[in-house]
Structures are given as structure tokens and as C-alpha cells.
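Please look at the sequence and the model before reading on.

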Number of protein chains: 2
Amino acid sequence: MNIKQLEVLRTLLATGSTIATAKAMGLSQSGVSRLLQQLEADLSMSLFVRDKGRLVPTPEALLLARHAENILLAVDRMSSHAEDLRSGAAGPEIVRVGLPSSMWEHFAPAMLADYIRDFPGVRIETFFETTTAINKLVEQRVIDFGFLRMEGESGSGIEVERVATGENVCVVPKDHPLAELEEITVKNLRDVPLILIGRQRPNRMALDQTFQRAGVKQIVKIETHTNSSACSYVAHGLGVTIISSFYANLYRHLPVVHRPFVPRTTQEFGLARAIGTPLSIAAHALSDALKRQIQLSQKCF
Amino acid sequence: MNIKQLEVLRTLLATGSTIATAKAMGLSQSGVSRLLQQLEADLSMSLFVRDKGRLVPTPEALLLARHAENILLAVDRMSSHAEDLRSGAAGPEIVRVGLPSSMWEHFAPAMLADYIRDFPGVRIETFFETTTAINKLVEQRVIDFGFLRMEGESGSGIEVERVATGENVCVVPKDHPLAELEEITVKNLRDVPLILIGRQRPNRMALDQTFQRAGVKQIVKIETHTNSSACSYVAHGLGVTIISSFYANLYRHLPVVHRPFVPRTTQEFGLARAIGTPLSIAAHALSDALKRQIQLSQKCF
DNA sequence: CGCAATATTATGCAGTTTTGTCATAAGTCT
DNA sequence: AGACTTATGACAAAACTGCATAATATTGCG
């Protein structure tokens, strides 16, 4: 296997033809064709089927392309790191962190603003992903650490430190009748339009079961995939949603209130990082900033 | 930059000498030396200082080695994933296949038993449906491929490969007077109780017409909807049925015999799959197992 | 409908480059 | 001196690369 071959795989999937790939990579078409054949021979599997003179990728090619992407990314990072080392005697240090998608809007900017006051020279790369994706990124050492919901087992070689907890709360518009209640049960939600997230994620499945057991049919108005959008929908009066209080606390500026949802369910959130490789000073400081920001967002109300 | 060069970097740091590295990597010492020089040239920095004839790593080398480690790990992951895909040991892969309802009893279990011997890790989902339903499932990409009777046009974006043929046969109990005949005509069936399937399916309508043209009135004792149940009824002496020899062959273990039905009519059966999306290796292997099973069920009698 | 024009991928060929080994030089330590 | 190291020149083998071109499919035009 060969770096150039992986590049061909990536570019070929992006462009769809050997000619465009050749142009993009500064090679001849025949070179690309050959490189691809070599890769297929090395992996002893066909990555593309030749259909009517065209190359159409097999499912395996799509699967393996993700690995190729990772490898090329790491290669790029190594090159640019070498570049930094060579030119500036002290190239900028880079910290890579994974965060839940819901944090891109307010949490991450605030955290970084806090951080760069102390570490102005550090470059930061943020990955906004789901819990499972962040787990993978840590496992593969793509990121230095990540914030995620702790559920069941974490990947091998990963250490998770609990830094926050939450419980399910029901988020309703400020002036909604339900806002009068101290806490909200399943039965209170009968005939109330719902905004739910994460179809077929474990969290969501448990919620569906709760409704089913209570004999309440869900009126799902909207399905979405981020906590932020769910709260935003609620703020616009499109319905009510049920999310972890941890996330709900991030959107306190919206005209919504949240009330405990019974049956009560708790979640734990933690910082995940690979074991065996200690965090750099800059990375450690960023994780501290993250914890500070969590305190800030959760404590004061 | 080059994967082999990165391997040299890693091994060199681990072993400390080019000779040990050469031994570990199955190269000559001079080869290792040159590989290292290439890497240093590519990165345009020196990774080791030549101190009194020894190679001692620079701090940069240690920094960059982390990247190299990452890259090599990712490469290994890609290789082993490829290996898994090739051998079918890949965990989360699912193959979805559509089969005629008549196959659930014997055919499908035998086929799967054959298949999972070679691909123990693949999850399989079977859909037992009619020809038209299977067509739709393929069209909507719900299943990877399906086995069906070829009739007229197939849906758009679907490619059907013929894998079997059959002709209408009359299935009669072993000791039935009709079993004496070489072949059975419509007229032979006058006043014989019939078991028919698939009311108002094209195949059935053609059969009805045949009877009508010959002026023979059908004595329909039972209407059913699967070939298997029809044969089962015949075996219990409830009448005779007319089905495709392809299906009749699947029930040779019953105490029935089948004789060609004149006027002769032939059917074709095929594997349908969406064009534009090649089958995964696991799916392709399952289609091979299906073909093998067809050979087995049809050939030996 | 037929036929040329324009795509696509694949492949034989030749020149060049890279790779790998051997033999050997040169330095260092005990 | 002898047992280690690494580096290098020579040379053969292998691989790479681009060119020209074949084989095939699609498309446009009359």
C-alpha cells in the first residue's frame, strides 16, 4: 500500500473519473488507472466495478475510503508539523478537541475566548460530532480529547473522566401552560406536539418506551438532530422537547423554561482521552477551560 | 513521503540501530540507511544526529514519530478492515435478500447454512415476498438483490440476470391414476379436483384461459397462495395442482410426482439487483450461494 | 435510424527513476 | 586489533510514468 494510491482512491471517489483525477493530481490518466489497479491488488479486492466503461465504486471502496481519508489527514498533519518545526523554531502548538454538535453555537466560542487569553499562540482544531464519532476520533488519536455523553462501554484504550451530569427535562416555551407545572410527566404530554432528536439512538429508544408504557401516543411534529435546533424550535412555539438538562442549560438565553421530566433519568458527561499518551500542557489547559465553561453554564441560575 | 520510510522511523526509534531495524523489517542495513536519508530529505530536516557513528534522535524526530505512529496505525486498521471485508468477518455488514415466499421452508435455510460456513460474520436479512414486491424492494434499494420470476418489464434501474428456467408441470399424488401418463393435458384434468394459486396473477390468468379454450371446466377445490402449501395439499390427496417445475423441484421429498403439462409453458427466474450500485463482496457471495442452491435443487433427479 | 464525434478505461512500450543488495569504506568503543 | 556502528559506490532488478493507442459506451447530428 502506498500513499499515492490512497490519494487516488480519495480523488477518484470525489471526481468519479480517472481523467479528472489525473488532472487533479497532476498525473496522466494511465498513471491513475494503474495506481488504482495496484491498490486493488494490494488489498486483493476490487474497489470499483467497470460498468459500461465507467468506474463505479463498490460498498467496500466507500468503507475503506474513510480509512484512506484518515491516513491522508494524518500525513498532512505530519507534513505541516514538520514544516512548522523547520521554519519557526517553535511552530504553533495544535490542540484538537471533539465536542458535541450542540456546542458549536455558544459554548465553544465562549470556551475558546477564555482559553486564548492565556494561550494566545496555540492553534485549536474543533471537531463537532456525535458521541460515538468522538469516541472513534479519540480512539484513533485524531483528537487529543473529546467531550461526550458516557454510555455503556467506551472504546478500548480510552479513559473517561466524568465532568458533568444531567437529567431529562422538558423544554417548553415561557408562556406555555405546561410552564406552570413543577414537573412534567408523560401524561402531561398527551396531545402536545413534540420535537424529538436522535431517532434510534439508545437515549431516544428509552424515551419512546417510556411513552409506550404510559400508553401515551407521541405527536411528533419535528424530528431533528441537534439539541440546539430542538430548543430553537421550542422557542418559536413549534412544540416542546425532552433533552438533558445539561444541554438545556446551554440555551437559557432563549425564551424557554425547563422542568424536570418524570420518570427521572440521569445522564453523565465526561472528557475522553487516549490512555498512554499524556496530554500536552496546552491540551490540558484547554480541558481545564472546558471544565470552567461547564461550571459556568451549569452552576449559575 | 512514504509508508516504508515511516516504518523505518518507528523501528529505528524502537531499536536504536539501522542493523536491528534492517533485521526487523527484512531489509539490508544499507537499505535502511537510505530510507532514512530519503525521509530526512522529504521533510527537509534531520531526524537523527550522527554522533560518534551512532544515530541519536533529535527532538523533532520524537515529535514527528507520534504522527508516524498514528499513520501506521491507521494503515494497519485499513488493511485489517480490508481483510475482514474480504473474508466476510466484518462485523456490522448486513446483506438483505428477497426470496419468493415458497422458499422459506427448505431452500433458504439450506442456502444460508452453506453461506455462513464461508461468511460467519455477516448478518443476513431475508424478505419473503412475491415477485412484484421483491421488484419494488430492489427498486427502492431496501434489499441488495432478490430472486424472482421474470415477467415482462422489470422496474427501472433494475438489472435481472436469468439463473433458472421452469415449465408448467402438473403435480399429482404418487399413486394417482394420472401419474401413469407421460404428460398431462388440459383434457386429462376434466373432473379432477384442482388446487390453484395466485388468483388474478398473470400466470394464473393464462392458465384459466387455457382451460377455457379447451372447453374444460375447472373443479377448483382449493385456492391457496404458496407453492409449498399447494404441493402439501396434493401430497395429502386433496387434488392436483399446476405449478412451475422450478418450484415443484423444491418439494421432491413429498410423495408426489410431476408430469409436464401441455400446452407447455416456460418460466424464467432471475436475480434482480439495482444497477449503478455494485454488490458488496458479502452480498455477491450470497448470490453465488443462491445459485449453487438452485443448481442443487434442480439438477439432481 | 445510422454514423461520426466524444467520452470513458485499459494496456503495450520505452525511457527514466527508484529500490535493494553487496561489498566496502570509515568512524568509535573496549 | 576486533567488534561494533553508519555511509556510500556500483550495479541489477523492479517500479514508475507518460505516450500512443485499443476497446467500448454514449451522444449528437443529419
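Contact here means heavy atoms within 4.5 Å.

## Basis of the model

This is a predicted model, in which local features need pLDDT of at least 70 and side-chain atom pairs count only at pLDDT 80 or more, while totals for chains, interfaces and linings use all residues. Residues are numbered from 1 along each chain as its sequence is written, chains are lettered from A and ligands numbered from 1 in the order in which they are written, and side-chain values use heavy atoms, with hydrogens and water left out.

## Interface of chains A and B

Chain B brings 32 residues to the contact and chain A brings 31 residues. The area buried between the two chains (accessible area, 1.4 Å probe, lost when the parts are put together and summed over both) is about 2,900 Å², and carbon and sulfur atoms give 75% of this. On the chain B side, B:H67, B:M78 and B:P278 lose the most area to chain A, together 22% of what that side buries.

Between the chains there are seven residue pairs in polar contact, both residues at pLDDT 80 or more. A polar contact is a pair of N or O atoms within 3.5 Å; within protein, one must be able to donate a hydrogen and the other to accept it, and residues adjacent in sequence count only if both atoms are side-chain atoms. Helix 1 (3–15), helix 4 (59–87) and helix 10 (281–299) of chain B each give two or more residues to the side of chain B that touches chain A. Helices (H or I, at least four residues) and strands (E, at least two) are DSSP runs, numbered from the N terminus. Helix 4 of chain B provides the largest share of that side, 17 residues. By class, the side of chain B that touches chain A has 19 nonpolar, eight polar and five charged residues. Ala, Val, Leu, Ile, Met, Phe, Trp, Tyr, Cys and Pro count as nonpolar, Asp, Glu, Lys and Arg as charged, and the others, Gly among them, as polar.

## DNA strand C

DNA strand C is surrounded by 22 residues, the closest being A:T18, A:R50, B:S28, B:R34 and B:K52; a residue is near a strand if one of its heavy atoms lies within 4 Å of it. Of the atoms of DNA strand C that come within 4 Å of the protein, sugar and phosphate account for 53%. The surface near DNA strand C holds three nonpolar, 13 polar and six charged residues. Helix 3 of chain A gives the most to this surface, with five residues.

Phosphate oxygens of DNA strand C lie 2.4 Å from a polar side-chain atom of A:R50 and 2.9 Å from a polar side-chain atom of B:K4. For B:S28, a backbone N or O atom lies 2.8 Å from a phosphate oxygen of DNA strand C.

## DNA strand D

Around DNA strand D there are 19 residues, the closest being A:K4, A:K52, B:T18, B:I19 and B:R50. Sugar and phosphate make up 62% of the atoms of DNA strand D that come within 4 Å of the protein. Helix 3 of chain B gives the most to the surface near DNA strand D, with five residues.

A polar side-chain atom of A:R34 lies 3.1 Å from a base oxygen of DNA strand D. In the case of B:R50, a polar side-chain atom lies 2.4 Å from a phosphate oxygen of DNA strand D.
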